[in-house]
Amino acid sequence: MLVTAHSEAATCTASPPSRLRVALLLVRPLARAIDWAPLAVVAVLTAALVSLVGLGQVLPGGDALVLMRVCGTLLGAAAAFGLVDAMSADLGAAAVPRWVPQALRCLLPGGVAIAIWLAAFAYVLTRLPDDALFPVGDLLVEMGVCLGIALAAAASAVRFAPGRQAAMAAVVVQMALVLGTILLPEQVRLWPPTCGFGYWDQAHLFWLAMLPLPYLWLIFAGRDLRR
């Protein structure tokens, strides 16, 4: 009798699983539920684009810059589909706030997108002239802003449309912002055509200042509205 009572007391006083542990348990089912097809298509396209630069061929710095920007924008758009999956309705009763699975849906495809971009960047570096300036930090900030905009727009859209149309809306928002910045006057252009020269430093100070904004938007969009 005493043993039974002690066992029941231990069960009652046992602390619930931590949010970190529950989040780790969610990784596998979420990874299986996420729509990876768009990211896979863009990964193949990225590999095809960089493979056009054959071994032994030199890639001009301006062409490499355009290539990495195109790949970064497309990878960010593809990662937005990670917020649309078949488990969105089933995870409503999970023992974690809504932002935990939302954060995982961003981290998993977002991390893969960054890894693909870095692999492409590493290959492009081997094809550049020896004296070419190609700062990975500045270009990674550009890619981070594009990725953040797509994820934040998708996180907002999934509140109103649960299907792929939410991710498509995010892609439209991201592409519209990117194209809008390309069309800015030369004095305030945010995509300098030559690494390290002209208004490169000023433009990337702006990029760096803009980097936190889409992720703050993402945090706000991922909050749980239920009280």
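The largest nonpolar core of this predicted model has 47 residues, and those with the most contacts inside it are Leu75, Trp117, Val124 and Phe134. A nonpolar core here is a set of buried Ala, Val, Leu, Ile, Met, Phe, Trp, Tyr and Cys residues joined through side-chain atoms within 4.5 Å. Buried means under 20% relative accessible area, exposed means over 50%, and partly exposed lies in between (1.4 Å probe, protein chains only).

The elements that give two or more residues to this core are α3 (37-51), α4 (61-79), α5 (99-127), α6, α7 (164-182) and α9 (212-221). Helix α6 supplies the largest share, 10 residues. Helices (H or I, at least four residues) and strands (E, at least two) are DSSP runs, numbered from the N terminus.

Because the model is predicted, local features need pLDDT of at least 70 and side-chain atom pairs count only at pLDDT 80 or more, while totals for chains, interfaces and linings use all residues. Residues are numbered from 1 along each chain as its sequence is written, and side-chain values use heavy atoms, with hydrogens and water left out.

**The cores and their residues**

Leucine 75 is in contact (heavy atoms within 4.5 Å) with Leu39, Val42, Thr46, Ala113, Ile116, Trp117 and Met143, leaving aside its neighbours within four places in sequence. A second, separate core of 8 residues includes Val141, Val178, Leu190 and Trp191.

Cysteine 146 lies in helix α6, which spans residues 136-157. This cysteine is buried, with a relative accessible area of 4%. Leaving aside neighbours within four places in sequence, cysteine 146 is in contact with Thr73, Gln174, Val178 and Trp191. The C-alpha atoms of cysteine 146 and leucine 177 are separated by 9.0 Å, and the two residues are 31 residues apart along the chain.

Threonine 181 is found in helix α7. Its relative accessible area is 17%, so it counts as buried. Not counting residues up to four places away in sequence, threonine 181 touches Leu190 and Trp191. The side chain of threonine 181 also reaches the backbone oxygen of valine 178 at 2.7 Å.

**Polar and charged pairs**

Glutamine 102 has its place in helix α5 and is buried, at 6% relative accessibility. A polar contact of 2.4 Å joins its side chain to that of arginine 105. Such a contact is a pair of N or O atoms within 3.5 Å; within protein, one must be able to donate a hydrogen and the other to accept it, and residues adjacent in sequence count only if both atoms are side-chain atoms. Leaving aside neighbours within four places in sequence, glutamine 102 is in contact with Leu83, Ala155, Val158 and Gly222.

Side chains of opposite charge can pair when their charged atoms come close. A search of the whole structure finds 2 salt bridges, where a salt bridge is a side-chain nitrogen of Lys or Arg within 4 Å of a carboxyl oxygen of Asp or Glu.

| Salt bridge | N to O distance |
|---|---|
| Arginine 164 and aspartate 35 | 2.6 Å |
| Glutamate 142 and arginine 69 | 2.9 Å |

Glutamate 142 lies in helix α6 and arginine 69 in helix α4, so this pair ties together parts that are 73 residues apart in sequence. Both glutamate 142 and arginine 69 are buried. Arginine 164, by its relative accessible area of 44%, is partly exposed.

**Cysteines**

The structure holds 0 disulfides, a disulfide being a pair of cysteine sulfur atoms within 2.5 Å. Cysteine 71 is buried at 1% relative accessibility, and cysteine 195 is buried with a relative accessible area of 6%.

**Aromatic rings**

A pair of aromatic rings is described by the distance of the centres and the angle of the planes. The whole structure has 3 aromatic pairs. Rings of Phe, Tyr and Trp (its six-membered ring) pair if their centres lie within 6.5 Å; planes under 30 degrees apart count as stacked, over 60 as edge-to-face and the rest as tilted.

Phenylalanine 121 and phenylalanine 134 form a stacked pair, 5.3 Å centre to centre with 20° between the planes. Phenylalanine 121 is in helix α5 and phenylalanine 134 in the loop between α5 and α6, 13 residues apart. Both phenylalanines are buried.

The rings of tryptophan 191 and tryptophan 207 have centres 4.9 Å apart and planes at 70°, so this pair is edge-to-face. Tryptophan 191 sits in the loop between α7 and α8 (200-210), and tryptophan 207 in helix α8. Tryptophan 191 is buried at 10% relative accessibility, as is tryptophan 207 at 5%. Ring pairs also link Trp117, Phe121 and Phe134 into a cluster.
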